[in-house]
Amino acid sequence: ATAGDEFYLRTRRGDGLTHSPNLTWHAPSGAVVANVGVGGDVNTFTVTETGRQLLTVMTPPDDPNPSGAFELTLLPVVDTSANLVLGVTQSGDITSPGQTYRYAFALAEAKRLHLDVLAGDNAFTVNLSGPTGSQSLSFYDYYLGAPWLDLPAGSYQLSLRRNGDDLGPFSFRLLDFAAATPFAPGEEVGTALMPANGTTIRSFAGTLGQHLYFDGLGTAGGT
């Protein structure tokens with residue numbers, strides 16, 4: 001294996017063992033990369049040194065059984081990187097456990113953005129890192145109306161992955177509030193949502209203390 005390679009480790013404890021075995025991953029130098037219990041998915045590990053890696057599995061000395069079984073699967077992880085453009089739909093498919101999609105974008109000035117989730121369930125996790133640090137949310141947070149993102153100018157990376165070894169497709173876009181379509185109070189507004197589960201952003205000029213009534217005129221074409 002080569003330094004920087006990523007692998008997803010899946011383990012299962014079989015029959016004949018009272019206690020869970022312990023798995024240790026050793027780098028070529030002998031340094032310990034990971035030390036975990038056998039019995040479930042252990043997520044993604046990164047190879048720290050190029051060369052032949054060594055995995056040892058041992059049960060506690062007080063296990064009374066003469067023999068036992070375990071299963072071990074090591075899956076290579078191939079991540080995807082791309083540039084993100086505000087307002088443009090990004091789509092992909094998590095086809096292997098631990099896979100991550102990384103999207104890079106830069107803001108020349110401060111922006112207020114909305115993550116518009118178009119496809120994907122609440123097993124998807126989004127991490128946004130940039131000048132002010134990082135923050136994580138799930139797709140489900142945005143289905144529930146998570147707050148917008150107030151971001152200063154700078155370079156950003158949005159990483160998207162699924163929890164555990166779940167697989168599946170996704171689709172989203174980052175919408176810029178500055179691109180909202182303006183309207184005047186009292187004006188009838190009709191908009192075709194494309195796609196139907198997408199978000200449209202409108203804006204109007206209001207004054208402090210102004211009282212408004214939202215008059216929903218109905219929808220068409222939805223289910």
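Student: Is S96 buried or exposed?

Tutor: Buried means under 20% relative accessible area, exposed over 50%, and partly exposed in between, using a 1.4 Å probe and protein chains only. S96 comes out at 17% relative accessibility, so S96 counts as buried. Keep in mind that this is a predicted model, where local features need pLDDT of at least 70, side-chain atom pairs count only at pLDDT 80 or more, and totals for chains, interfaces and linings use all residues. Residues are numbered from 1 along each chain as its sequence is written, and side-chain values use heavy atoms, with hydrogens and water left out.

Student: Where is S96, and what is S96 in contact with?

Tutor: Strands (E, at least two residues) are DSSP runs, numbered from the N terminus. S96 is in the loop between β8 (90-94) and β9 (100-107). Contact means heavy atoms within 4.5 Å. Setting aside neighbours within four places in sequence, S96 touches P76 and L167.

Student: How many aromatic pairs are there?

Tutor: Rings of Phe, Tyr and Trp (its six-membered ring) pair if their centres lie within 6.5 Å; planes under 30 degrees apart are stacked, over 60 edge-to-face, the rest tilted. The whole structure has 9 aromatic pairs. One of them, F124 with F170, is edge-to-face, at 5.7 Å centre to centre and 65° between the planes. This pair links distant parts of the chain, 46 residues apart: F124 is in strand β11 (residues 124-130) and F170 in strand β15 (residues 168-176). F124 is buried at 0%, and F170 is buried too, at 2%.

Student: Which residues form the aromatic cluster?

Tutor: Y101, Y103, F124, F170 and F172 make up one cluster.

Conventions: Helices (H or I, at least four residues) and strands (E, at least two) are DSSP runs, numbered from the N terminus.
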